[in-house]
Amino acid sequence: MEFKDKARIRLEHWIEHSDHHLDEYEQFAGQLEDEGMVESARHIREMMDLEEKSTTCLKKALEALD
């Protein structure tokens with residue numbers, strides 16, 4: 001298998017992994033809010049914004065392989 005193919009597999013895995021984590025973070029932030037832990041939820045949502053930006057970078061890296 002060529003390195004480019006290995007890179008594609010790795011990037012696709014990381015993107016899927018990141019998307020899964022974002023779903024978990026969203027659920028957890030909601031739970032924190034439900035329990036009145038609004039500031040903690042705000043920090044989780046701030047982190048989610050950063051995670052979304054990193055996922056965008058991974059997607060661009062994947063597209064750049066073509």
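Q: How many salt bridges does a search of the whole structure find?
A: This is a predicted model, in which local features need pLDDT of at least 70 and side-chain atom pairs count only at pLDDT 80 or more, while totals for chains, interfaces and linings use all residues. Residues are numbered from 1 along each chain as its sequence is written, and side-chain values use heavy atoms, with hydrogens and water left out. A salt bridge here is a side-chain nitrogen of Lys or Arg within 4 Å of a carboxyl oxygen of Asp or Glu. With that rule, the search of the whole structure gives a count of four.

Q: What does the secondary structure of the protein chain come to?
A: Helices (H or I, at least four residues) and strands (E, at least two) are DSSP runs, numbered from the N terminus. Helix 1 covers residues 3-34, and helix 2 covers residues 38-64. The tally for the protein chain is two helices and zero strands.

Q: What radius of gyration does the protein chain have?
A: This radius is taken over C-alpha atoms, and the globule rule used for comparison is 2.2 Å times the number of residues to the power 0.38. Along its principal axes, the C-alpha trace spans about 50 × 15 × 10 Å. A compact globule of 66 residues would come out near 11 Å, but the protein chain has 15 Å.

Q: What percentage of the 66 residues in the protein chain do buried residues make up?
A: Buried means under 20% relative accessible area, exposed means over 50%, and partly exposed lies in between (1.4 Å probe, protein chains only). By this scale, the share of buried residues among the 66 is 21%.

Q: Which residues gather in a patch of negative charge on the surface?
A: Asp and Glu count as negative and Lys and Arg as positive, with His and the chain ends not counted; a charge is placed at NZ of Lys, CZ of Arg, CG of Asp or CD of Glu. Patches are made of residues with over 30% relative accessible area and no salt bridge: like charges are joined within 9 Å, and nonpolar side chains (Val, Leu, Ile, Met, Phe, Trp, Tyr) within 5 Å. One member, found in helix 1, is Asp19, which is partly exposed with a relative accessible area of 31%. The members of the patch are Glu16, Asp19, Asp23 and Glu24.

Q: What distance separates the C-alpha atoms of Asp5 and Leu65?
A: Asp5 is in helix 1 and is partly exposed, at 35%. Leu65 comes 60 residues away along the chain, yet the C-alpha separation is 9.1 Å.

Q: What distance separates the C-alpha atoms of Glu63 and Asp5?
A: Glu63 belongs to helix 2 and is exposed, with a relative accessible area of 58%. Glu63 and Asp5 are 58 residues apart along the chain, and their C-alpha atoms are separated by 13 Å.

Q: How far apart in space are Glu39 and Ala29, C-alpha to C-alpha?
A: Glu39 has its place in helix 2 and counts as exposed at 53% relative accessibility. Glu39 and Ala29 are ten residues apart in sequence, and in space their C-alpha distance is 9.8 Å.

Q: What distance separates the C-alpha atoms of Phe28 and Lys59?
A: Phe28 is in helix 1, and at 41% relative accessibility Phe28 counts as partly exposed. Lys59 is 31 residues away from Phe28 along the chain, and the C-alpha atoms of the two are separated by 25 Å.

Key. Accessible areas come from the Shrake-Rupley method with a 1.4 Å probe; for residues, only the protein chains shown count as cover.
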